[in-house]
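Colleague: I would like to learn how to read a model like this one. Please take me through it feature by feature.

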Amino acid sequence: MLRELQVIKDKPAIASYKAGETTISTGMAVVKNETDKTFEFASAETAADLYFVDKERIPTGVNAARGDISDYDADFTTLVEGDFGKLINYLPGERFATDAYVETGIATGVRLSANTAGKIVKAATTVESKYVCGGFYTDNGHKLVIVEVSDTTGKNAS
């Protein structure tokens, strides 16, 4: 799940790339593969050139007959290989929250990066990152990590 908390209104998102992994969920961090025009998980921990996946909330199948559908429904959060998705590159000053993270070591003020499974993690001491943990956010019973985008990069001390 991806929640935009403080973002620039009407900022364009890239929507011309397809999922290059078997399954990707909204809120996951990916990198673009320019050769195949796909987006996929990074091959090593990184905080460079990250995009966060979102998806249009269009119900399909039996869900089209339902009135109210949770934003957390798999129809709205799951992309399979070959699906188009929206890739969002957040800018300095923006804040967003995602449920695609590994909580170990994450605390307010810690620099963040993406692991090889597309999840936000505490950045290794060798990784420069502009992403900073702004705490946690509870969204209708779901715990999300708040990611703040700094205008400078930095490394975690330990």
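Colleague: Which residues have the most contacts inside the largest nonpolar core?

Modeller: Some ground rules come before the answer. This is a predicted model, where local features need pLDDT of at least 70 and side-chain atom pairs count only at pLDDT 80 or more, while totals for chains, interfaces and linings use all residues. Residues are numbered from 1 along each chain as its sequence is written, and side-chain values use heavy atoms, with hydrogens and water left out. A nonpolar core is a set of buried Ala, Val, Leu, Ile, Met, Phe, Trp, Tyr and Cys residues joined through side-chain atoms within 4.5 Å. Buried means under 20% relative accessible area, exposed over 50%, and partly exposed in between (1.4 Å probe, protein chains only). In soluble globular proteins, nonpolar side chains tend to be buried together. Here the largest core has 22 residues, and Phe52 and Tyr131 have the most contacts inside it.

Colleague: Which elements give two or more residues to this core?

Modeller: Strands are DSSP runs (E, at least two residues), and helices are runs of H or I with at least four; both are numbered from the N terminus. The contributors are β4 (29-33), β10 (111-114), β12 and β13 (142-154). β13 gives the most, with 3 residues. Apart from this core lies another, of 12 residues, including Tyr17, Val30, Phe39 and Leu79.

Colleague: What does Tyr131 touch?

Modeller: Contact means heavy atoms within 4.5 Å. Residues up to four places away in sequence are not counted; among the partners of Tyr131 are Ala47, Leu50, Phe52, Val110, Leu112, Val147 and Val149.

Colleague: How many aromatic pairs does the whole structure have?

Modeller: Rings of Phe, Tyr and Trp (its six-membered ring) pair if their centres lie within 6.5 Å; planes under 30 degrees apart are stacked, over 60 edge-to-face, and the rest tilted. The search finds 5 pairs. Take Phe52 and Tyr90: their centres are 6.0 Å apart and their planes are at 50°, so this pair is tilted. Phe52 lies in strand β6 (residues 51-54) and Tyr90 in the loop between β8 (86-88) and β9 (95-98), so the pair ties together parts 38 residues apart in sequence. Phe52 is buried at 0% relative accessible area. Tyr90 is buried too, at 0%.

Colleague: How do the rings of Phe52 and Tyr131 pair, and what is the angle between their planes?

Modeller: They are edge-to-face, 5.8 Å centre to centre, with 75° between the planes. This pair links distant parts of the chain: Phe52 in β6 and Tyr131 in β12 (residues 129-139) are 79 residues apart. Ring pairs join Phe52, Tyr90, Phe96 and Tyr131 into a cluster.

Colleague: Which ring does the charged end of Lys143 sit over?

Modeller: A charge sits over a ring if NZ of Lys or CZ of Arg is within 6 Å of the ring centre and within 35 degrees of the ring normal. Lys143 has its charged end over the ring of Phe136, 4.5 Å from the centre.

Colleague: Now backbone angles. Where is Asp10, and is it buried or exposed?

Modeller: Most residues other than glycine have a negative phi. Asp10 has a positive phi, near 60°. Asp10 is in the loop between β1 (2-6) and β2 (18-19). At 67% relative accessibility, Asp10 counts as exposed. Asp49 also has a positive phi, near 55°. Its place is the loop between β5 (38-40) and β6. Asp49 is exposed, at 63%.
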